[in-house]
Amino acid sequence: MATPTPQISVVIPCLNEEEAVGRVVEQALEGIRNSGRPGEVVVVDNASTDRSAEVAAAHGARVVSEKRRGYGSAYLAGLAEAHGDYIVMGDADETYPLQELAPFVDKLEAGDDLVIGSRFEGTIHGDAMPFLNRFVGNPILTGMLNVLFGVKVSDAHCGMRAVRRDALAKLELHSTGMEFASEMVFKAYRRGLTVSEIPIDYYPRVGESKLNRFGDAWRHVRFMLLYSPSWLYLYPGAALLLLGFAGMLVLASGPVDVFGRSWQIHTMLGFVALTLIGAQIVQLGVFARTYARVRIGEEDPLLDRLGSRLKLEHGLIAGGLVALAASIGLIAVGAEWALDGFGTLGRVYETALLATLLGLGIQVVFASFFLALLSMPLRRETLR
């Protein structure tokens, strides 16, 4: 009799899990049977140095080899080899109840694109999750993901999850490390996929943990910041820019008495520095968002609207006018200084303000050229 085409593929990354992987494969097969659908178990041997691959195969798994180390690398290899329409993911250390995968698949069949297990909404047994991970690391990382990307999940890094095969092409996953888990969640939200959660039990692992608590946490943080240019660049840059510019305007006409102290040119120069630093950071944020939109395919409604209305010439005109006005002001100050015999410069506050505006105008001009370069189409049409 012909083997039915699997509807479910359970993908399990494995690195030196000889002690547990056999039972995990059996649990996955039990879960497939309980779901009433045909399926397969794919174990990705991630360069194990023990008998993990042999044990997994002996218990009924199809073993795929991936020599490049990394949680994401293993999953990318396994997802490419999976045949099912519904793909369930879980670890090879007996921490997740793969025998209870049926509710995940039911949700996918009902129309959800990604279903994530929630250990915090379920039950964490014994010392399955160390104190720092449970009360510090996971809540902070999940909270960051929720804030930075508008995600609404309680356990963004749960390793038991399920995804529809037809959603994988939209996700365009590529991370090779532990940040793979974060990438899957925030891209699902950014691309408008339907995401849900299911409370699960979480059990103490069998064997030695492969996690690097601080190293893997930093990889998650770094990855999230790189994919959220608004929070990394635009918001802090805009705050510095507005603070610096407001301070310069207050001091533009001379010293100001506040809180019983006289704030003079040294304070003005501090606000000048804040303004220029803020402007640089904001520019980097605009560059990053443009790069993500044009080169990576990230959706950005704001840039889409602005890009259809603002052209290179608009930036050149705006920056040029600011630079020209500042130059005229500096020439006037210089002329006054010359008429006074080049003695003490009397308009130091106005000079600081005008010099800053000159720098901002020049930045806008050259930033406009760079944005135009970033936005140029990659494909060159053949001349006929």
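A salt bridge here is a side-chain nitrogen of Lys or Arg within 4 Å of a carboxyl oxygen of Asp or Glu. The views below show a predicted model, in which local features need pLDDT of at least 70, side-chain atom pairs count only at pLDDT 80 or more, and totals for chains, interfaces and linings use all residues. Residues are numbered from 1 along each chain as its sequence is written, and side-chain values use heavy atoms, with hydrogens and water left out.

**View A. Glu17, Asp93 and Arg205 are linked in a salt-bridge network.** Helices (H or I, at least four residues) and strands (E, at least two) are DSSP runs, numbered from the N terminus. Glu17 is buried, at 7% relative accessible area; Arg205 is partly exposed, at 26%. Buried means under 20% relative accessible area, exposed over 50%, and partly exposed in between (1.4 Å probe, protein chains only).

**View B. Glu109 and Arg37 form a salt bridge.** The N to O distance is 2.8 Å. Glu109 lies in helix α4 (residues 102–109) and Arg37 in the loop between α1 and β2 (39–45), so the pair ties together parts 72 residues apart in sequence. Glu109 is partly exposed at 43% relative accessibility. Arg37 is buried at 10%.

**View C. Arg347 pairs with Glu336 in a salt bridge.** Their closest N and O atoms are 2.8 Å apart. Arg347 is in the loop between α12 (312–339) and α13, Glu336 in helix α12. Both are partly exposed, Arg347 at 35% and Glu336 at 33%. A search of the whole structure finds 17 salt bridges.

**View D. Helices α9 and α13 pack at an angle of about 145°.** The axes of α9 (residues 229–251) and α13 (residues 348–374) are 9 Å apart. Axes are lines fitted to C-alpha atoms, for helices over the stretch in contact; angles run from 0 to 180 degrees between N-to-C directions. Phe245, Met248 and Leu251 of α9 make the contact with Tyr349, Leu353, Thr356, Leu357 and Leu360 of α13. Contact means heavy atoms within 4.5 Å.

**View E. Phe131, Leu132, Phe135, Val136, Ile140 and Phe214 form a nonpolar surface patch.** Together they have about 650 Å² of accessible area (Shrake-Rupley method, 1.4 Å probe; for residues, only the protein chains shown count as cover). Patch residues have over 30% relative accessible area and no salt bridge; nonpolar side chains (Val, Leu, Ile, Met, Phe, Trp, Tyr) are joined within 5 Å, like charges within 9 Å. Helix α5 (residues 131–149) gives the largest share, five residues.
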